Amino acid sequence: MKGDRVEIVVDTGGGSNTYEVAATRAGRRVEVRIARGIVEVAEITRSGTAVRTARFMAARTLALVEYPADDGPLPGE
């Protein structure tokens, strides 16, 4: 859903870099997949096609933070 985003912090040897993948349009979502030593973060359309994909070595990934979209206040609040 638009507003979903994932922040990835990766060790670069001499420091760290921060990357962000976000759902940029309505109907898109961000999926995280971890398999065989690779962390893959992809922005996916409604039909399931990957628009953008970022891949990182799992051994070098320091943090993976998922921020869900803010849907606004809950009913009754």
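Predicted model: local features only at pLDDT ≥ 70, side-chain atom pairs only at ≥ 80, totals over all residues.
A word on pairing in general. Strands of a sheet pair through backbone hydrogen bonds, either parallel or antiparallel. Here, take β1, residues 5-11, against β6: the two run antiparallel and share 6 bridges. If you want one to click on, go to Val-9, whose bridge partner in β6 is Ala-63.

Nonpolar side chains tend to be buried together in soluble globular proteins. The largest nonpolar core in this model counts 10 residues. The list is Val-6, Ile-8, Val-10, Val-21, Ala-23, Val-30, Val-39, Val-41, Ala-54 and Phe-56. Three strands, β1, β4 and β5 (50-57), supply at least two residues each. Which strand gives the most? That is β1, with 3 residues.

Pick one core member, Ala-54. Which residues does Ala-54 touch, once neighbours within four places in sequence are set aside? Its contacts are Val-21, Val-39, Glu-40 and Val-41.

Now Phe-56, also in the core. Searching the whole structure for aromatic pairs gives 1. The partners are Tyr-19 and Phe-56. Their centres are 5.2 Å apart, with 35 degrees between the planes, and the pair is classed as tilted. Tyr-19 belongs to β2 and Phe-56 to β5, 37 residues apart, so to speak a link between distant parts of the chain.

Tyr-19, at 36%, counts as partly exposed.

The charged end of Arg-5 sits over the ring of Tyr-67, 4.0 Å from the ring centre.

Last stop, a backbone angle. Most residues other than glycine have a negative phi. Arg-36 has a positive one, near 50 degrees, and is not a glycine. Where is Arg-36 found? Look in the loop between β3 (29-35) and β4 (38-44). Why does Arg-36 count as exposed? Because its relative accessibility is 87%, and the cut-off for exposed is over 50%.

Technical notes
Residues numbered from 1 in each chain as written. Heavy atoms only, no water. Pairing = 2+ DSSP bridges. Helix = DSSP H or I, 4+ residues; strand = E, 2+ residues; numbered from the N terminus. Buried < 20%, exposed > 50% of the residue type's maximum accessible area, 1.4 Å probe, protein only. Core = buried A, V, L, I, M, F, W, Y, C linked by side-chain atoms within 4.5 Å. Contact = heavy atoms within 4.5 Å. Phe/Tyr/Trp six-rings, centres within 6.5 Å; stacked < 30°, edge-to-face > 60°. Lys NZ or Arg CZ within 6 Å of the ring centre and 35° of its normal.
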